[in-house]
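Here is a short briefing to read alongside your structure. Keep the sequence and the model open as you go through the points.

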Amino acid sequence: MAKDMTLLWGTGSPPCWRVMIALEEKNLQGYDHKLLSFEKMEHKSQQVLDINPRGQLPTFKHGDNVINESYAACFYLESQFKSQGTKLIPDGPAEQALMYQRMFEGLTFYEKLNAVIYYEWYVPEGERHESALKRNKEALVTELKLWEGYLQKLGSGSYLAGPSFTLADVVVFPTVGTVFRFGLSPERYPKLGEYYNLLKERPSVKASWPPHWLENPKGQDTLKDI
C-alpha cells in the first residue's frame with residue numbers, strides 16, 4: 001500500500017512531521033518520499049506546484065488522491081487504514097470529543113508559536129515592531145499555560161485526550177517538539193516537558209525525527225525567556 005504513496009516534505013516542519021508520524025503509526029513505511037529545502041525555496045518548485053498549487057509542504061499523494069493539508073492527510077490515513085497499526089480515533093464519546101477539541105486547538109497553538117519564532121521571516125524589516133513581538137510572546141505564554149493546565153488535569157503519563165495515543169498527539173506533538181527545540185524551559189512548563197519526554201521515545205516519533213535536529217541536537221534559544 002505504502003508504495004502507492006508519495007510525500008514531499010521539509011525537515012523541522014510540524015505539518016510534515018504530523019503526516020510522517022501518522023504514516024508510521026499506521027505501519028505504512030516504505031512510501032516514496034523526497035526531502036526538499038525551504039531555504040532553497042524548493043517548496044515553490046514546479047514538482048510541488050504540479051500537485052500543490054499553494055506551493056507548500058507537505059505535499060502528499062496516495063494513488064491518484066492528493067491530500068496536502070496535514071490534518072486532512074492524517075484523517076485520511078486513519079480512515080483508509082482503520083484496521084492497520086495504531087487505532088488513532090477512540091470509540092468512547094468523551095475521549096473522542098476531547099481528541100477533536102485538542103486537535104483543532106492545536107492549530108491555534110501552532111499559529112501562536114510561529115508568530116514568535118518566525119516573526120522576522122513573516123514580517124518585512126520595515127514593518128517590525130518590538131511592541132508587536134512582545135504581544136506575540138505574551139499570547140504564546142497564555143497558550144502554553146493553557147496546555148500546561150490541560151496536561152495537569154489529565155495527570156502524569158497521559159496523552160492529550162486521555163490514556164490512549166490518538167490523532168490529537170499525532171498533530172500536536174510536532175508543535176510541542178518545536179517549542180522545546182527553540183529553547184522553552186521544561187522547568188517552567190513541567191507538564192509539557194513530561195509530555196515531550198513521554199512522546200519523544202515513541203517509535204513513530206523517533207523514526208520521523210527531523211534529520212537536521214539529529215545532526216545539530218542543540219537547537220535554539222529563542223524561547224528561553226518565555
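**Backbone, rings and spaces**

Met 41 is partly exposed, with a relative accessible area of 42%; buried stands for under 20% relative accessible area, exposed for over 50% and partly exposed for what lies in between, using a 1.4 Å probe and protein chains only. The model is a predicted one, in which local features need pLDDT of at least 70, side-chain atom pairs count only at pLDDT 80 or more, and totals for chains, interfaces and linings use all residues. Residue numbers start from 1 along each chain as its sequence is written, and side-chain values use heavy atoms, with hydrogens and water left out.

**Backbone points to look at**

- Most residues other than glycine have a negative phi, and most peptide bonds are trans.
- Met 41 has a positive phi, near 60°, and is a residue other than glycine.
- Met 41 sits in the loop between S2 and H2; helices (H or I, at least four residues) and strands (E, at least two) are DSSP runs numbered from the N terminus.
- Asn 27, also not a glycine, has a positive phi of about 55°.
- The loop between H1 and strand S2 (32–35) holds Asn 27, which is partly exposed at a relative accessible area of 45%.
- Leu 57 and Pro 58 are joined by a cis peptide bond with omega of about 5°.
- Pro 58 belongs to the loop between helix H2 (46–49) and strand S3 (59–62).

**Aromatic rings**

- A pair of aromatic rings is described by the distance of the centres and the angle of the planes.
- You can find 15 aromatic pairs in the structure; rings of Phe, Tyr and Trp (its six-membered ring) pair if their centres lie within 6.5 Å, and planes under 30 degrees apart count as stacked, over 60 as edge-to-face and the rest as tilted.
- Tyr 71 and Phe 104 form a tilted pair, because their ring centres are 5.5 Å apart and their planes stand at 55°.
- Tyr 71 lies in helix H3 (residues 70–80) and Phe 104 in helix H4 (residues 93–117), so this pair ties together parts that are 33 residues apart in sequence.
- Tyr 71 is buried at a relative accessible area of 8%, whereas Phe 104 is partly exposed at 43%.
- The pair of Trp 209 and Trp 213 is edge-to-face, because the ring centres are 5.6 Å apart and the planes are at 80°.
- Trp 209 counts as buried at 16% relative accessibility, and Trp 213 counts as buried at 5%.
- Trp 209 and Trp 213 belong to a cluster linked by ring pairs, together with Trp 17, Phe 173, Phe 180, Tyr 195 and Tyr 196.

**Arginines over rings**

- Arg 102 lies over the face of Tyr 150, at 3.5 Å from the ring centre; a charge sits over a ring if NZ of Lys or CZ of Arg is within 6 Å of the ring centre and within 35 degrees of the ring normal.
- Arg 18 lies over the face of Tyr 110, at 4.9 Å from the ring centre.

**The largest pocket**

- The largest pocket has a volume of about 1200 Å³.
- On a 1 Å grid over the protein atoms alone, a pocket is an open set of points with protein on both sides within 12 Å along at least five of seven lines, a cavity is a set where a 1.4 Å probe fits but cannot get out, and lining residues have an atom within 4 Å of a point.
- Grid points are joined across faces, edges and corners, and a volume is the space filled by probe spheres set on the points.
- Of the 37 residues that line the largest pocket, Gly 12, Ser 13, Phe 38, Tyr 110 and Tyr 118 lie nearest its centre.
- H4 supplies the largest share of this lining, 4 residues.
- The lining of the largest pocket is made up of 15 nonpolar, 17 polar and 5 charged residues; Ala, Val, Leu, Ile, Met, Phe, Trp, Tyr, Cys and Pro count as nonpolar, Asp, Glu, Lys and Arg as charged, and the others, Gly among them, as polar.

**The largest cavity and Trp 9**

- The largest cavity has a volume of about 40 Å³.
- Residues lining the largest cavity include Trp 9, Cys 16, Trp 17 and Pro 210.
- H1 gives the most to the lining of the largest cavity, with 3 residues.
- Trp 9 is in strand S1 (residues 5–9) and counts as buried at 6% relative accessibility.
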